[in-house]
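Biologist: I've just opened this one and I'm new to it. Could you walk me through it and tell me what the labels rest on?

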Amino acid sequence: MWSSQGKSSSQEKVGGQENGGNAAAKTFGMTSAISMAGPKPEDFDLSKELEKTLQPFNVFETESELNHRMEILAKLNTLVKQWVRDCSIARNMPEQMAENLGGKIYTFGSYRLGVHHKGADIDALCVAPRNIDRNDYFTSFLEVLKKQPEVTECRAVEEAYVPVIKMNFDGIEIDLLFARLTLKEIPDNFDLRDDMLLKNLNPKCVRSLNGCRVTDEILRLVPNIENFRLALRTIKLWAKRHGIYSNSMGFFGGVSWAMLVARTCQLYPNAIASTLVHKFFMVFSRWKWPHPILLKQPDNVNLGFLVWDPRVNSADRYHLMPIITPAYPQQNSTYNVSISTKKIICNEFERGMKIMDEIVQGKLKWNSLFEAPSFFFQYRHFIVLLVSSHTAEDHLEWCGLVESKVRCLILNLERNLHIALAQVNPKCFDQTPSKNSTSPFCSMWFIGLEFQRMENLNVDLTESIQTFTDHIHKHALNIKMLKEGMKIEARHVRKKQLNQYLDPEFLRRERKHTEMLESQSMVFSKKRTSVSNEENTTTSSQSGGNTPQQQQDAGMASRKRMRLSETFDDSPTTTPNTSVNVIVDGGELMDGDEEDHATTKSCNNTDILPKDDDATRESGEDVVEKNDTTSAAPTQTNTAEVMCS
């Protein structure tokens with residue numbers, strides 16, 4: 001009942017390998033397959049190597065860990081049935097009738113797809129009959145959960161776009177949604193795939209049901225579920241390791257990656273996991289965005305709910321990388337993607353394609369796919385968001401709100417014509433409070449900035465950051481979340497100053513890892529150049545001299561190989577000798593001040609960043625920070641003037 005490994009009978013009928021000879025006649029998705037070819041012996045070997053490579057990354061759970069999750073879901077299902085029964089009896093319903101009302105827990109997301117990793121949370125849905133309303137769920141059922149000894153950190157987020165109860169149930173994080181159906185009873189074998197269930201439902205209930213309906217439809221539409229799962233585990237790990245796995249931050253979330261892998265499975269229905277991963281990068285490194293990804297023809301259902309359709313909805317025409325959910329009402333799961341995140345994702349697709357070519361040729365191992373240069377050594381300038389609170393409970397809520405809005409700051413920064421790229425690191429870092437700190441809980445997000453390549457560049461980020469912080473505070477006030485001690489600060493930080501916020505040992509490891517990857521990249525490029533030269537020499541000696549056309553072809557091939565090797569160069573893309581003046585509404589630190597004279601200043605009247613002479617000598621940048629009451633020092637040649645509050 002609670003296993004994430006099961007298949008429905010309809011899924012078995014769709015499976016290409018299970019249909020044997022009929023697989024070739026089957027069309028999957030919107031188009032016919034690109035190739036119906038089956039796996040070769042070397043493909044099986046590559047898939048076995050892939051599975052071994054994934055083991056150390058804890059992407060597989062043991063049988064006992066999986067059973068523990070099933071036990072938790074069974075307990076939660078029992079609690080739902082008892083709660084529905086008790087609520088109904090409290091409203092004078094006969095006890096015998098109340099016993100038959102039911103209520104059920106459904107799962108969706110990575111657990112339902114069967115690709116969850118060790119320690120992953122569970123996305124679940126509580127479905128109740130028509131006599132139970134949403135207010136009951138967020139009051140009486142919330143109290144029932146809080147009374148359970150296994151439940152900790154239980155809190156309701158009613159104001160969310162999809163309202164949810166978050167909790168830790170016996171060591172497993174659970175996000176529990178709620179949907180009230182217009183049915184008198186909810187039987188144990190009830191199927192949510194019928195579109196007519198949505199008729200006359202509250203929009204919040206429709207959004208809550210959408211997760212389960214989409215997940216089940218994805219599983220139904222893939223030709224071979226086991227191959228799909230191993231390929232998806234690989235792509236999810238790759239995306240997380242490269243910092244592009246986060247729907248709230250403007251990248252792709254779990255369901256989006258699942259739909260991309262599912263589409264790859266449809267295009268190559270008889271391929272096994274190693275081939276699917278290779279084809280995944282081949283397809284999407286060449287995809288012509290914003291052409292949408294569709295797993296099937298959209299359902300022709302008209303129940304009055306808004307569906308993604310750029311022909312009708314003008315806002316849908318501006319979506320940059322649309323991936324459309326297969327269940328009604330169809331939605332774009334990547335509407336948060338921005339110009340910067342699109343550029344980053346497309347670059348990673350291309351880099352992944354080059355690496356996969358080498359893996360298939362036996363020149364690289366699978367580990368190479370999961371190695372990425374450190375985020376903190378790709379940029380010279382950063383915006384750090386510091387979120388602080390007085391209590392652990394307040395901090396959990398405050399961080400959740402800020403995390404859901406960080407993409408708004410990215411959009412604000414992208415509007416600045418001098419910013420070429422703004423990349424947020426999805427990982428949240430905890431800052432150890434200092435002795436003078438008034439907030440015992442502090443978390444940080446880092447945004448790397450790449451500026452346009454021009455001399456004497458002046459960049460004022462004051463309005464972008466102030467607009468963002470004002471938006472956060474207003475929203476917190478509207479939903480009555482803002483409490484004493486909740487603060488948000490934005491600071492400009494240079495790469496050399498990161499050790500003020502992050503563990504120096506962590507930064508040393510990151511630097512060492514990045515230098516190792518760059519060294520490997522250089523060796524790889526030299527090998528390719530050497531092979532190219534040998535091929536040209538051999539060709540020349542065999543032909544006794546090239547014709548002009550042969551020389552032209554050889555030159556084009558050489559340039560193509562050089563472009564291929566250049567994709568492995570992960571060095572910072574900012575120009576070393578560009579003068580960048582970054583203003584974030586700040587106070588001044590004069591040239592004559594000591595390095596340890598100031599600490600930092602944020603856009604909310606805290607913290608002025610210190611001047612670091614070592615960093616100036618290393619990067620060719622100097623820092624002059626302005627005060628409201630004093631004039632600025634003259635800008636020197638090839639320096640960066642940074643003002644931050």
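This is a predicted model: local features need pLDDT of at least 70, side-chain atom pairs count only at pLDDT 80 or more; totals for chains, interfaces and linings use all residues.

Biologist: Okay. What makes strand E1 "mostly covered"?

Modeller: The strand runs over residues 104-108, and five of its five residues are buried. On one side sit Lys104, Tyr106 and Phe108, and on the other Ile105 and Thr107; both faces are covered.

Biologist: Why do the residues fall into two sets like that?

Modeller: Because side chains in a regular strand alternate between the two faces of the sheet.

Biologist: How do you know that E1 and E2 pair?

Modeller: Two strands pair if there are at least two bridges between them. E1 and E2 (residues 122-128) have five, in the antiparallel sense, so they qualify. Within that pairing, isoleucine 105 stands opposite cysteine 126 of E2.

Biologist: And the chain as a whole?

Modeller: There are 645 residues, and 50% of them count as buried. The secondary structure comes to 16 helices and 15 strands. Of the contacts between residues at least 6 apart in sequence, 73% join residues at least 24 apart.

Biologist: What makes a set of residues a nonpolar core?

Modeller: They have to be buried, of the nonpolar kinds such as Leu, Phe or Trp, and joined through side-chain atoms within 4.5 Å. The largest set here has 109 residues, and Phe228, Trp257, Phe349 and Phe376 have the most contacts inside it. Helix H8 (residues 225-241) gives the most to this core, with nine residues. A second, separate core has 31 residues, among them Leu79, Tyr137, Met167 and Leu176.

Biologist: What does phenylalanine 376 touch, leaving aside its neighbours within four places in sequence?

Modeller: Its contacts include Phe382, Phe429, Phe446, Leu498 and Phe506, along with Asn425 and Lys495.

Biologist: Why is isoleucine 323 called buried?

Modeller: Its relative accessibility is 0%, and the cut-off is under 20%, so isoleucine 323 counts as buried. This residue is in the loop between helix H10 (273-285) and helix H11 (339-360). Among the residues it touches are Phe252, Met259, Trp289 and Ile293. Leucine 294 is 29 residues away in sequence, yet the two C-alpha atoms are 6.6 Å apart.

Biologist: Why is asparagine 58 called partly exposed?

Modeller: Its relative accessible area is 40%. That falls between the 20% and 50% cut-offs, so asparagine 58 is partly exposed.

Biologist: And lysine 480: buried or exposed?

Modeller: Lysine 480 has 77% relative accessibility, and exposed means over 50%, so lysine 480 counts as exposed. Its phi is also near 60°, and its place is in the loop between helix H13 (462-478) and strand E11 (487-494).

Definitions and conventions:
Residues are numbered from 1 along each chain as its sequence is written. Side-chain values use heavy atoms; hydrogens and water are left out. Buried means under 20% relative accessible area, exposed over 50%, partly exposed in between (1.4 Å probe, protein chains only). Helices (H or I, at least four residues) and strands (E, at least two) are DSSP runs, numbered from the N terminus. Contact means heavy atoms within 4.5 Å.
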